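Reader: I have the sequence and the model open. Please show me how to read a few of the features.

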Amino acid sequence: LKVSEGIVGTCQDIEISYVRITSHPDPKTVRPEPVLRLALAKVKERERRGRDYEECQDLYMSICQDLRLQQLHGQLAVEVREGFAQCAMRARTGVRKSMDVKALSDSLLHLHALYLEHPGQPREL
């Protein structure tokens, strides 16, 4: 799905489950950057409390989608992708109870592009 540069989210819900967008997004269903900052803090708190990986993964994917829809590539995007990568590395999923390699790989690919776009910023990975 290609998104125009003009979308600015207006949704004020902090926690939203991930739902794949298949049509032009409604700004009323997309969270703006200040709300996404709150959402990131909330998912990190869930991780600290030991919540299930799948629950945290769902929230990270939702945050990543809202960032992508609004084409936000700044420090918040870096923090979200780093957090998601770290969460995926700690995950114990599947039959072998190992890290979520797919989510980790996806996050690292996005992080590589973000790091190139913003050289000199502090990095967690």
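Author: Start with contact: it means heavy atoms within 4.5 Å. Helices (H or I, at least four residues) are DSSP runs, numbered from the N terminus. This is a predicted model, where local features need pLDDT of at least 70, side-chain atom pairs count only at pLDDT 80 or more, and totals for chains, interfaces and linings use all residues. Residues are numbered from 1 along each chain as its sequence is written, and side-chain values use heavy atoms, with hydrogens and water left out.

Reader: Which residues in H3 meet H4?

Author: On the H3 side they are Ala77, Val78, Arg81, Glu82, Phe84, Ala85, Ala88 and Met89. Their partners in H4 are Ala103, Leu104, Asp106, Ser107, His110, Leu111, Leu114 and Tyr115. By class, this contact has 11 nonpolar, two polar and three charged residues. Here Ala, Val, Leu, Ile, Met, Phe, Trp, Tyr, Cys and Pro count as nonpolar, Asp, Glu, Lys and Arg as charged, and the others, Gly among them, as polar.

Reader: At what angle do H3 and H4 pack?

Author: First, the rule. Axes are lines fitted to C-alpha atoms, for helices over the stretch in contact, and angles run from 0 to 180 degrees between N-to-C directions. H3 (residues 75–90) and H4 (residues 101–117) pack at about 155°, with axes 9 Å apart. Angles over 145 degrees count as roughly antiparallel, and H3 and H4 are therefore roughly antiparallel to each other.

Reader: How do I check the length of H2?

Author: The expected span of a helix is 1.5 Å times one less than its number of residues. H2 (residues 53–69) has 17 residues, so it should span 24 Å; its end C-alpha atoms are 24 Å apart, which agrees. After H2 comes glutamine 71, with a positive phi near 55°.

Reader: Is glutamine 65 buried or exposed?

Author: Buried means under 20% relative accessible area, exposed over 50%, partly exposed in between (1.4 Å probe, protein chains only). Glutamine 65 is in helix H2. It counts as buried because its relative accessibility is 9%. Other buried residues of H2 include Cys56, Leu59 and Ile63. H1, H3 and H4 are among what covers the buried residues of H2.

Reader: What does tyrosine 18 touch?

Author: Leave out residues up to four places away in sequence, and tyrosine 18 touches Asp58, Met61, Ser62 and Gln65. Tyrosine 18 lies in the segment before helix H1 (33–48). At 22% relative accessibility, tyrosine 18 counts as partly exposed. Tyrosine 18 and leucine 59 are 41 residues apart in sequence, yet 6.5 Å apart in space, C-alpha to C-alpha.

Note on methods. Helices (H or I, at least four residues) and strands (E, at least two) are DSSP runs, numbered from the N terminus. Angles under 35 degrees count as roughly parallel, over 145 as roughly antiparallel, 65 to 115 as roughly perpendicular and the rest as oblique.
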